[in-house]
Amino acid sequence: MFGKRTNVGAQAAVARPAQQTAPASKPAAAVPAPEHSTAIATAAPFVEHKRSEQYYATKSMIFGALIEAIDLAQLSKLEPEGARDEIRDIVNEIVAIKNVVMSIAEQEELLEDICNDVLGYGPLEPLLMRDDIADIMVNGAAKTYIEVSGKIQLTNIRFRDNAQLMNICQRIVSQVGRRVDESSPICDARLLDGSRVNVIGPPLAIDGPALTIRKFRKDKLTLDQLVRYNSISPEGGEVLKVIGRVRCNVLISGGTGSGKTTLLNCLTNYIDADERVITCEDAAELQLQQPHVVRLETRPPNLEGQGAVTMRDLVKNCLRMRPERIIVGEVRGPEAFDLLQAMNTGHDGSMGTLHANSPREALSRLESMITMGGFSLPAKTIRDMIVTSIDIIVQAARLRDGSRRITHITEVLGQEADVVTLQDLFVYEIVGEDANGRIIGRHRSTGVGRPRFWERACYYGEENRLAAALDAATLIDDRN
């Protein structure tokens, strides 16, 4: 038996709240959606009828009675569907005994909400099931925003109180062995599907816990889809495929939400199946399809401040694991030095992302991160290392209309005096905007007929494909 069904109001045998004890089931359709949707689409407004205070009061009363009536230890042994059925039976009994007046539709809605509270992620469940949402931003219990097609919208989703929101945050991070509380109020984690999660709670978050989820799409984006969404021209897409195939060392640069991780996932699709790939991330979110992939994740310190495993530790350890390619989810510190060392010592085809607004700024940031890491190297030595390690910089940007575009495909050529020489292969030009405020632009080839990685393309037998893409882009530009 899961509850004292003949006496629903009896005192509870279980003292702990469901949010802290009940097992967290994986949301049925929690979906990845990265930095992501690159298509420009008219954002459909979030439609959800506004619930009354009476609804939340009724839900709190029934939820309290459910906790008194249910045996959470037994419930945890059931499969998710069986547990939902059991909860629904008990809630229906509570509604009957308490003489709660509700329509059938309202009762179904209440049942679903309570099941989500006990077994899932509470009010977040309907948002996690939508594949058109890129980001979920919870600012305390009363305000939840979403991003759809690059635009932020306020929803009617709300939590019972900040305690419920904090319990859901703890449930999420505990699934990947992390914690968030007053002694450790900041946490990076992920959902079981790889969606990126950041939590910052009291006392640092003054108005209640702030939860941010970067969702991943259920259907993984490919370079061909990015071409259809006009994120890159067909010719530029072909060049990127060749770059991924011929093991160029690639740095993907861009701002927050510009599509860096999505683009990195797209490029990794062209890694050969027989290559050994090792990924290093703060929160594992890359979704490589190759059969031989080792995924590594950093670890924060424990309560005593010990046991932290940094990104630099992971990258250094990669070199002992016989990698053929090293993929760093995001370069943000002294691990930049170790990644460059790896790129320069036989691990061709390594890739990483970083935050920067242009290809040249990306190189400056890389140099700054190495300097801040405590390496006492002359600036010229660092630049020499950058030039000999990185072949291609791909710049991604999120434009003011919410669309994502690949704005530069740039080669690193060499160094003249103290300046690193760059050469653009493709650039994105903004022409204007339409009546709806959407930006109109085009990807333009710079006319380079033989890029620096031509010999590498010849080595892998991709020179004809590369030449055809560059020639086609040049002809299109000549016609325009």
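Author: Let us begin with two strands: strand 1 (residues 133-139) and strand 2 (residues 144-148) run antiparallel and are joined by 5 bridges. Strands here are DSSP runs of E with at least two residues, helices are runs of H or I with at least four, and both are numbered from the N terminus. Two strands pair if DSSP finds at least two bridges between them. Across this pair, I136 faces I146 of strand 2. Before going further, please keep in mind that this is a predicted model, in which local features need pLDDT of at least 70 and side-chain atom pairs count only at pLDDT 80 or more, while totals for chains, interfaces and linings use all residues. Residues are numbered from 1 along each chain as its sequence is written, and side-chain values use heavy atoms, with hydrogens and water left out.

In general, strands of a sheet pair through backbone hydrogen bonds, either parallel or antiparallel.

For another kind of packing, follow the chain to a pair of helices. Helix 12 (residues 335-343) packs with helix 14 (residues 379-389) at an angle of about 50°, and their axes are 9 Å apart. That angle makes helix 12 oblique to helix 14, the label left once angles under 35 degrees are called roughly parallel, over 145 roughly antiparallel and 65 to 115 roughly perpendicular. Helix 12 brings F337, L340, Q341 and M343 to the contact, and helix 14 brings M385, I386 and S389, where contact means heavy atoms within 4.5 Å. These residues divide into 5 nonpolar, 2 polar and no charged. Ala, Val, Leu, Ile, Met, Phe, Trp, Tyr, Cys and Pro count as nonpolar, Asp, Glu, Lys and Arg as charged, and the others, Gly among them, as polar.

To place all this in the whole, the protein chain has 16 helices and 15 strands.

Key: Axes are lines fitted to C-alpha atoms, for helices over the stretch in contact, and angles run from 0 to 180 degrees between N-to-C directions.
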